[in-house]
Amino acid sequence: MYVLIGYYIVVNLITIYLMAHDKNLARRHGRRVPERTLFLWAAIGGAAGGIIAMRVWRHKTKHLSFVIGMPAILVLQAILVYLNWD
């Protein structure tokens, strides 16, 4: 159980970092983090971190795919955790 919690924390921290890094690159007109990468990290457990980063840095909040997609991924992850809880 502790390994799973540790995994969840690490994946969410990486997702937050990637979103913050992408926002910084957007401000500097640098090469961006692909949206596919951001969604991948959200899908493997970082959806909560993605939502937090969207709110804190107001990043990707005009992209409907992120506004709907990140919470949808989080809900699916919560359902999976609930269904697999012993």
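Where is the place of Ile 5? Ile 5 sits in helix 1, helices being DSSP runs of H or I with at least four residues, numbered from the N terminus. The model is predicted, so local features need pLDDT of at least 70 and side-chain atom pairs count only at pLDDT 80 or more, while totals for chains, interfaces and linings use all residues. Residues are numbered from 1 along each chain as its sequence is written, and side-chain values use heavy atoms, with hydrogens and water left out.

Helix 1 covers residues 2–28, 27 residues in total, and reaches 39 Å from its first C-alpha to its last, close to the expected 39 Å; the expected span is 1.5 Å times one less than the number of residues. Its buried residues include Val 11, Asn 12, Asp 22 and Leu 25. Buried means under 20% relative accessible area, exposed over 50%, and partly exposed in between (1.4 Å probe, protein chains only). Helix 2 (35–57) is included in what covers the buried residues of helix 1. Ile 5, in contrast, is partly exposed, because its relative accessible area is 43%.

After helix 1 comes His 29, with a positive phi near 60 degrees. Arg 32 lies in the loop between helix 1 and helix 2 and is partly exposed, at 37% relative accessible area. Leaving aside neighbours within four places in sequence, Arg 32 is in contact (heavy atoms within 4.5 Å) with Asp 22, Leu 25, Ala 26, His 59 and Lys 60. Arg 32 and Asn 12, 20 residues apart in sequence, are 19 Å apart in space, C-alpha to C-alpha.

Key
Helices (H or I, at least four residues) and strands (E, at least two) are DSSP runs, numbered from the N terminus.
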